[in-house]
Amino acid sequence: MGVPVRRFDAVIVGGGGAGLRAALQLSESGLKTAVLSKVFPTRSHTVAAQGGISASLGNVQEDHWEWHMYDTVKGSDWLGDQDAIEYMCRKAPEAVIELEHFGMPFDRLENGKIYQRPFGGHTQHNGKTPVQRACAAADRTGHAMLHTLYQRNVRANTQFFVEWMALDLIRDADGDVVGVTALEMETGEIYIFHAKAVLFATGGAGRIYSASTNAFINTGDGLGMAVRAGLPLEDMEFWQFHPTGVAGAGVLITEGVRGEGGILLNADGERFMERYAPNLKDLAPRDFVSRSMELEVLEGRGCGPHKDYVLLKLDHLGPDIINQRLPGIREIAIKFAGVDPIKDPIPVIPTCHYMMGGIPTNWRGEVVMPKGGDPESRVNGFYAAGECACASVHGANRLGTNSLLDLVVFGKSAGDHMIDYIRGEMPDWKPLPADAAGPSLARIARLDNQTGGEDVAEVRAAMQRTVQSRAGVFRNAANMALGVEEIAAVAERAKFTQIKDKSKVFNTARTEALELDNLIEIAVATLVAADGRKESRGAHAHDDFPHRDDENWMKHSLFFGEGRRMEYKPVHTRPLTVDYIPPKERTF
Amino acid sequence: MSDFDPVEMKRMRWRSRRGLLELDLVLERFLARRFDTLTGDQLLAYRTLLDLPDTDFLEVVNGKVDLDAPELMEIVDMLRAI
């Protein structure tokens, strides 16, 4: 039985900020453009971005894109590619003003210009003094961006396929990308989307961790598809964490709680931060507190049935301080931890927030991979932007408010280069390979016919526990080597997941099983890449190699699914128009 | 239980996946504990709530904002209590 084929000039997978920005560029140029999204586009995870979008507009204080570039290079701990970073920071003012012209309701100064607020890590004069660079729409910047871009896309006649899940990338015999397969959730039918160019804007994969601030939809579908299609993933050892998320939920407890006198306790009731940081104790820097918390868990002093969290004690502050100075914390604790912090401590654990790695791209949004001696040969017809892509602007650690900027700058850049490719190099569609939907149909058939297999939720939980305990914030050689073995065993189990509901229409169990196929590829990549990097840089803090090693390790990692092997490629040290920013010790 | 269209109920289950983790967590519990026992009118009310933008929906669930729609508040109260 033939699989129905739909044909578009461009197909975009993912309806968040990056996907919508790219789609707008393509549709406005007159190309026939489809956006596939698992959920309604304005419910993408971009909606969770509150902090703002940075741009050196200089509306409040003097600012220059070169200073923004310096901060981003330093934040990346010199793993970011300086051509891509220059491109993003140079384009930032134009990108924000464009959003303003699209109707995005930014907060304003009295003179009518966009208001800018301070944000950690953003400075004047290359690190000298803080600068107000973040543009925001109250605490709803991501929400406002999504709505603005969605409306523009409707006007530009972008065709939306809402509640469709992309399953696999289609590459032909030349390795060129010619489309994707996708599942229409409402019918359970599989379609082929035949395209001249495909863009992945599928977001992050924070759900590989048991403690994550990411929404349930953040299952890294684009990365899973890329690995299955033989493409590498870049810098997957780098994940950003917050120290205190509610264990088992992921909702963040502000660091202000410790500022007000909240203390961390292990299973023995010991205030363990006194041991790690005798002076600063619970107010030691964020990374240090996170690693100490995880070390307590790893050494068996965690709390709860799995001994996998520590406790944040507040009750000694008294109800008045808790209610007055920490509004909302009590509600969060009651709702998501099931404890009233006036009486009982809150279970907390370092919580994953952002994925710095992803599908390797350049500043044009083109996906690149090693081929014939070129470490960055273009994969024809394939583009990626946003959190799923690794351009790489965030390097080993992301600066706050640079993620929304990444979405719009590289969404637009990818859109422009897709237009050039489609108009300049692709007068017609390349033929689909025989059996283009074969791998997707086989995966669905495997799920439908599986007997004696394991429950999806159990395997997912095993994966999340492994990634959390072996590739969290505390990392050493022995622990990561164990993690590589353990995740390989979990990946075997994931091949035999079983679902009870075999129905076709809106089968959420099937969707979750397919999402697990993607998550597991990313979990393996994370463990193998982390185990491989013998230095500490940015978010990758290796206890056996506590220093940054520029001589041997100032390079990007590339994980390949086949053989689960690693390769490495150089960091781009040549910006587009300005001088290279050489590495320095990273002090703040 | 109601004679609500079972396909529509499955669609509502999927639409309970949101862009914000806090909503995911609350709606996941609601689906597990309350959803299958809702009446037809309650299901209609829940479907209306699912059409809210995430940021507005979360403010309603957190009790920061009330809706000027008495027919929805029964479900809102369930979500707040869960």
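Contact here means heavy atoms within 4.5 Å. The model under discussion is predicted. At the N-terminal end, α1(B) is capped by B:Asp5, a side-chain oxygen of which lies 3.0 Å from the backbone nitrogen of B:Val7.

The interface between the two chains may be considered next. The size of an interface is often given as the accessible area lost when the parts come together. For chain A and chain B, the buried area is about 2,600 Å², and carbon and sulfur atoms give 56% of it. Of the area that chain A buries against chain B, 31% is supplied by A:Arg43, A:Phe216 and A:Lys335, more than by any other three residues. The contact takes 35 residues from chain A and 28 residues from chain B.

Across this interface, 18 residue pairs are in polar contact, both residues being at pLDDT 80 or more. On the side of chain A that touches chain B, α4, α10 (329-337) and α15 of chain A each supply at least two residues. α15(A) gives the most to that side, with 4 residues. The residues of this side of chain A divide into 12 nonpolar, 13 polar and 10 charged.

A:His45 illustrates the meeting of the chains in detail. A:His45 is placed in the loop between β2 (33-37) and β3 (53-54) of chain A. A polar atom of the A:His45 side chain lies 2.8 Å from the backbone oxygen of B:Gly19. Beyond its neighbours within four places in sequence, A:His45 is in contact with residues including A:Thr213, A:Asn214 and B:Gly19.

Side chains of opposite charge can pair when their charged atoms come close. Across the interface of chain A and chain B there are 7 salt bridges. One joins A:Arg140 to B:Asp56 (2.9 Å, N to O), and another joins B:Glu59 to A:Arg140 (3.5 Å, N to O). The latter pair runs from helix α4 (residues 54-61) of chain B to the loop between β5 (129-135) and α4 (141-155) of chain A. B:Glu59 is partly exposed, with a relative accessible area of 28%.

Over all chains, the structure holds 58 salt bridges. Within chain A, the side chains of A:Lys196 and A:Asp9 form one of 3.7 Å, N to O. A:Lys196 lies in strand β9 (residues 189-200) and A:Asp9 in strand β1 (residues 5-13), so this pair ties together parts that are 187 residues apart in sequence. A:Lys196 is buried at 7% relative accessible area, and A:Asp9 is buried at 12%. Another salt bridge joins A:Asp172 and A:Lys430 (2.8 Å, N to O); these two lie in loops and are 258 residues apart. Both A:Asp172 and A:Lys430 are buried.

Among the 134 residues of the largest nonpolar core, A:Ile53, A:Ile346 and A:Phe410 touch the most other members. α11(A) gives the most to this core, with 11 residues. Apart from it lies another core, of 85 residues, among them A:Val180, A:Ala226, A:Val379 and A:Val456.

Definitions and conventions: Residues are numbered from 1 along each chain as its sequence is written. Chains are lettered from A and ligands numbered from 1 in the order in which they are written. This is a predicted model: local features need pLDDT of at least 70, side-chain atom pairs count only at pLDDT 80 or more; totals for chains, interfaces and linings use all residues. Side-chain values use heavy atoms; hydrogens and water are left out. A salt bridge is a side-chain nitrogen of Lys or Arg within 4 Å of a carboxyl oxygen of Asp or Glu. Buried means under 20% relative accessible area, exposed over 50%, partly exposed in between (1.4 Å probe, protein chains only). A polar contact is a pair of N or O atoms within 3.5 Å; within protein, one must be able to donate a hydrogen and the other to accept it, and residues adjacent in sequence count only if both atoms are side-chain atoms. A nonpolar core is a set of buried Ala, Val, Leu, Ile, Met, Phe, Trp, Tyr and Cys residues joined through side-chain atoms within 4.5 Å. Buried area is the accessible area (1.4 Å probe) that two parts lose on being put together, summed over both. Ala, Val, Leu, Ile, Met, Phe, Trp, Tyr, Cys and Pro count as nonpolar, Asp, Glu, Lys and Arg as charged, and the others, Gly among them, as polar.
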